[in-house]
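Okay, everyone, thanks for coming. Let me put the structure up and then I'll walk you through it.

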Amino acid sequence: MQITLSDANKMIEAAYLESARLGLKPLAVVVLDTGGHVKAFQRQDGASMMRFEIACGKAYGAVACGVGSRWLDAQAEGRPHFLEGLSNVSGGKIVPVPGGVLVKTSKGDVIGAVGITGDVSDNDEAAAIAGIEAAGFIADAG
């Protein structure tokens, strides 16, 4: 199973609905497939520059390591040498803070990741989880 464009757009739309419900700052949302390729991306009006790169870095780290970016954030605290090496081998593509959430099927298969940035990381993550679940998938924030 793969994330379809329709699935990705549902995730983004639902993430923005959650953002509005929570009163978050303008967000950028990216959906990646298991190869780390962009399936869909949107940036709300008012979201600052570099939001694409940050959202992608959160999602890329999640899909590359098979864990949500919250786990990567914990590793940065306890094992900074690990994150430095990971950053180096990924060409600097990984952003190890919450907001990168794995997308899983009901059977537990990883089919991609959602990355969100624009508010505080915990709120970014909450919007990602809401978007994934609204599209009928399982969210794994790590």
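So, strand 3, residues 100-104, and strand 5 run antiparallel, with three bridges joining them. Before I go on, this is a predicted model, so local features need pLDDT of at least 70 and side-chain atom pairs count only at pLDDT 80 or more, while totals for chains, interfaces and linings use all residues. Numbering starts from 1 along each chain as its sequence is written, and side-chain values use heavy atoms, with hydrogens and water left out.

On terms: strands here are DSSP runs of E with at least two residues, helices are runs of H or I with at least four, and both are numbered from the N terminus. Two strands pair if DSSP finds at least two bridges between them.

Back to that pair. Val103 has Ala139 of strand 5 as its bridge partner, and Leu102 stands opposite Asp140 in strand 5. On to strand 4: five bridges join it to strand 3, again antiparallel, and Lys104 is partnered there by Val110. Strands 3 and 4 make a hairpin with five residues between them, and Gly108 in the turn has a positive phi of about 90°.

How many of the residues of strand 3 are buried? Five of the five, so the strand is largely enclosed by the rest of the structure. Buried, by the way, means under 20% relative accessible area, with exposed over 50% and partly exposed in between, using a 1.4 Å probe and protein chains only. Both faces are covered: Gly100, Leu102 and Lys104 are buried on one side, Val101 and Val103 on the other.

Now the other hairpin. Strand 1 and strand 2 pair antiparallel over five bridges, and Val29 has Gln42 of strand 2 as its bridge partner. There are five residues between these strands, too, and Gly36 takes a positive phi near 80°.

Put together, that's an open sheet of five strands in the order 2-1-4-3-5, with antiparallel pairing. Strand 2 (38-43) and strand 5 (138-140) are the edges, each pairing on one side only. The twist averages 20° from one strand to the next. Helix 2, residues 51-65, packs on the sheet and touches strands 1, 2, 3 and 4, its direction making about 145° with that of strand 4. Contact means heavy atoms within 4.5 Å; axes are lines fitted to C-alpha atoms, for helices over the stretch in contact, and angles run from 0 to 180 degrees between N-to-C directions.

Last, two helices. The axes of helix 1 (residues 5-22) and helix 5 (residues 121-134) come within 7 Å and cross at roughly 135°. Helix 1 and helix 5 are therefore oblique to each other: under 35 degrees would be roughly parallel, over 145 roughly antiparallel, 65 to 115 roughly perpendicular, and the rest is oblique. Among the residues making the contact are Met11, Ala14 and Leu22 of helix 1, and Ala127, Ala130 and Ile132 of helix 5.

Is Gln75 buried or exposed? At 12% relative accessibility, Gln75 counts as buried. Leaving aside neighbours within four places in sequence, Gln75 is in contact with Pro80, Phe82 and Leu83.
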